[in-house]
Amino acid sequence: MGVSRSATFFIIHCALFIIHYSLLTAQTPSKEQLVGIWIGVHTEWDLDFTCPLPTYIQLDADSTYYLGMIDGSARKLTSTWGVHGESVRLDTIHFAPRLVSLQTDLLRIGTNYPMVFRRFNDIPLDSATVHQQLNGRVWQSDSLTISLFANGQASLEITRTKQRTAHFWQLAKFGQSIFLIILGNQNGRDSGYKALWQISSASLKQMQAIGWNGCKIAAEPFRFVKNISLSDSCRPTGFQPCNNCFRKLWAESMLTRGQKRYDILQLFTKYYQPINQTGESGLVRIQFVVNCSGERDSTEVKGFDEDYCPRQFDSRITSQLLTICHEHVATDQSIRQSDSTRDLFRDVFVSLAVRLKDGRITDILP
């Protein structure tokens with residue numbers, strides 16, 4: 001069971017949207033250079049932040065264009081493509097000169113938030129044999145430990161920090177090749193993709209996987225560590241957002257706008273007991289994340305005086321504000337409700353700034 005059909009179509013159309021609004025650099029490749037199959041690696045949203053790209057682009061010499069999901073979870077789109085002078089056309093979208101660039105075997109589309117694809121080389125492997133070799137076993141590279149449980153669950157643990165996240169795994173056949181796909185979260189499979197590796201070789205002692213290793217696209221060796229036992233955990237070691245491509249800015253809950261602003265003001269008015277003390281004036285900023293299960297991340301609290309210089313407030317004030325946020329704001333399901341037809345909750349980032357005057361709340365700000 002993979003991500004839902006509506007979600008996979010959404011990924012494809014988002015991919016086209018991102019391409020359409022990117023800017024330009026580097027020289028436009030020729031049609032002959034672009035012909036082939038390109039496997040999605042990731043979209044680069046920032047220098048230190050990428051999101052897995054589970055799509056592929058197939059550009060045939062007869063100008064036929066295909067866009068689909070590597071795991072086949074959605075029907076592929078078929079259209080035409082071409083190179084016209086310095087411009088590239090994919091389907092109905094025309095890309096400005098140098099918007100599409102080629103660096104050896106890496107295809108980059110866009111510059112602000114570029115989508116990165118790698119040229120696909122088909123490596124024939126037998127899916128049943130690969131599954132037998134990987135299933136129920138722990139594999140480790142220099143930077144990552146992968147546990148592939150027999151029930152379809154999986155965990156990824158960063159070797160350096162020992163931070164473990166929980167997911168699900170599956171093998172997908174693409175051409176004659178086998179891809180190891182990590183997706184979902186600790187609750188289920190419907191939260192997007194985490195990693196996609198093409199298996200180039202697999203034995204009882206070592207697995208070679210081609211993909212993004214956090215620094216570059218490489219064929220990385222994973223050595224067999226042990227068979228998974230009943231005592232091995234697939235639970236995350238700490239707080240884990242449900243979305244595998246999570247950024248606080250994208251998930252900010254608008255608690256201080258519209259009707260919600262009034263509700264929040266009423267909430268603090270009801271539960272906060274003013275500490276009437278001269279000089280306890282300024283702002284207290286409180287920030288935390290609540291995931292789709294209602295679990296809360298650690299809370300960041302910062303105080304600022306009326307000149308916006310850092311300061312500490314009376315603990316009787318900050319402890320009350322934290323209690324209200326944790327027991328009433330964080331537990332409010334309406335801030336997590338998704339507008340999706342699947343009626344799933346979503347991760348949210350809560351950020352509130354409480355304005356104080358001599359220990360009394362005068363306003364709640366974003």
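**Charges, rings and strands**

Reply: Arg-311 lies over the face of Phe-313, at 4.0 Å from the ring centre, where a charge sits over a ring if NZ of Lys or CZ of Arg is within 6 Å of the ring centre and within 35 degrees of the ring normal. This is a predicted model, in which local features need pLDDT of at least 70, side-chain atom pairs count only at pLDDT 80 or more, and totals for chains, interfaces and linings use all residues. Residues are numbered from 1 along each chain as its sequence is written, and side-chain values use heavy atoms, with hydrogens and water left out.

Me: And what does the charged end of Lys-76 sit over?

Reply: The ring of Tyr-66, with 4.5 Å to its centre.

Me: Switching to strands, how many residues of strand 21 are buried?

Reply: Eight of the ten residues in strand 21 (residues 348-357) are buried, so the strand is largely enclosed by the rest of the structure; buried means under 20% relative accessible area, exposed over 50% and partly exposed in between, with a 1.4 Å probe and protein chains only. Strands (E, at least two residues) and helices (H or I, at least four) are DSSP runs, numbered from the N terminus.

Me: In which sense does strand 21 pair with strand 19?

Reply: Strand 19 (residues 282-290) pairs with strand 21 in the antiparallel sense over nine bridges, where pairing requires that DSSP finds at least two bridges between two strands. Gln-287 stands opposite Ser-351 in strand 21.

Me: Which residue in strand 22 is the bridge partner of Arg-355?

Reply: Asp-363 is that partner.
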